[in-house]
Amino acid sequence: MAAYVISEVEVRDRAAMEAYRTLAAQTIAQYGGRYLARGGAAEVVEGGPPAKTIIIVEFPSMARAREWYASAEYADALKLRQTALERRLLFVEGVVPA
């Protein structure tokens, strides 16, 4: 069953963000992930607060998403993330196909 990694981010350092984005994308692909949304326009229709930048990545499974996040390959990107952006990160299980 697919799993989704949803990030809500606010950029702190634009140059560090670009470096993080490049490294993260390489590791996401290595672990079978693919971007579904990557910073496109987001509109809050109900509730609040206003939406920040939203990124949604699909992985083949929750186990694979966790492997990616804990991987040595992603560790370098995580170091950059600390200065590049403020982030709220969620892992969400998908639904079983009908």
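1. Start with helix H3. Its buried residues are Tyr-74, Ala-77, Arg-81 and Ala-84. Buried means under 20% relative accessible area; exposed is over 50%, and partly exposed is in between (1.4 Å probe, protein chains only). The cover over these residues includes E1, H1, H2 and strand E4 (85-93). Helices (H or I, at least four residues) and strands (E, at least two) are DSSP runs, numbered from the N terminus.

2. A word on the model. It is predicted: local features need pLDDT of at least 70, and side-chain atom pairs count only at pLDDT 80 or more, while totals for chains, interfaces and linings use all residues. Residues are numbered from 1 along each chain as its sequence is written, and side-chain values use heavy atoms, with hydrogens and water left out.

3. Next, confidence. The protein chain averages a pLDDT (the predictor's confidence in each residue, from 0 to 100) of 95, and 100% of the residues score at least 70. H3 has the lowest mean, 94, and H2 the highest, 98.

4. The largest nonpolar core has 17 residues. Such a core is a set of buried Ala, Val, Leu, Ile, Met, Phe, Trp, Tyr and Cys residues joined through side-chain atoms within 4.5 Å. Tyr-20, Phe-59 and Trp-68 have the most contacts inside this core. Two or more residues each come from strand E1 (3-11), helix H1 (14-30), strand E3 (53-59), helix H2 (62-70) and helix H3 (72-84). H1 gives the largest share, five residues.

5. Now the rings. The structure holds six aromatic pairs. Rings of Phe, Tyr and Trp (its six-membered ring) pair if their centres lie within 6.5 Å; planes under 30 degrees apart count as stacked, over 60 as edge-to-face and the rest as tilted. Tyr-20 and Tyr-74 are edge-to-face because their planes stand at 65 degrees, with ring centres 6.3 Å apart. This pair links helix H1 to helix H3, 54 residues apart. Tyr-20 is buried at 8% relative accessibility, and Tyr-74 is buried at 0%. Ring pairs join Tyr-20, Phe-59, Trp-68, Tyr-69, Tyr-74 and Phe-91 into a cluster.

6. Is Glu-58 buried or exposed? Glu-58 is buried, because its relative accessible area is 16%. It lies in strand E3. Its side chain makes polar contacts with the side chains of Tyr-4, at 2.9 Å, and Arg-34, at 2.8 Å. A polar contact is a pair of N or O atoms within 3.5 Å; within protein, one must be able to donate a hydrogen and the other to accept it, and residues adjacent in sequence count only if both atoms are side-chain atoms.

Technical notes:
Contact means heavy atoms within 4.5 Å.
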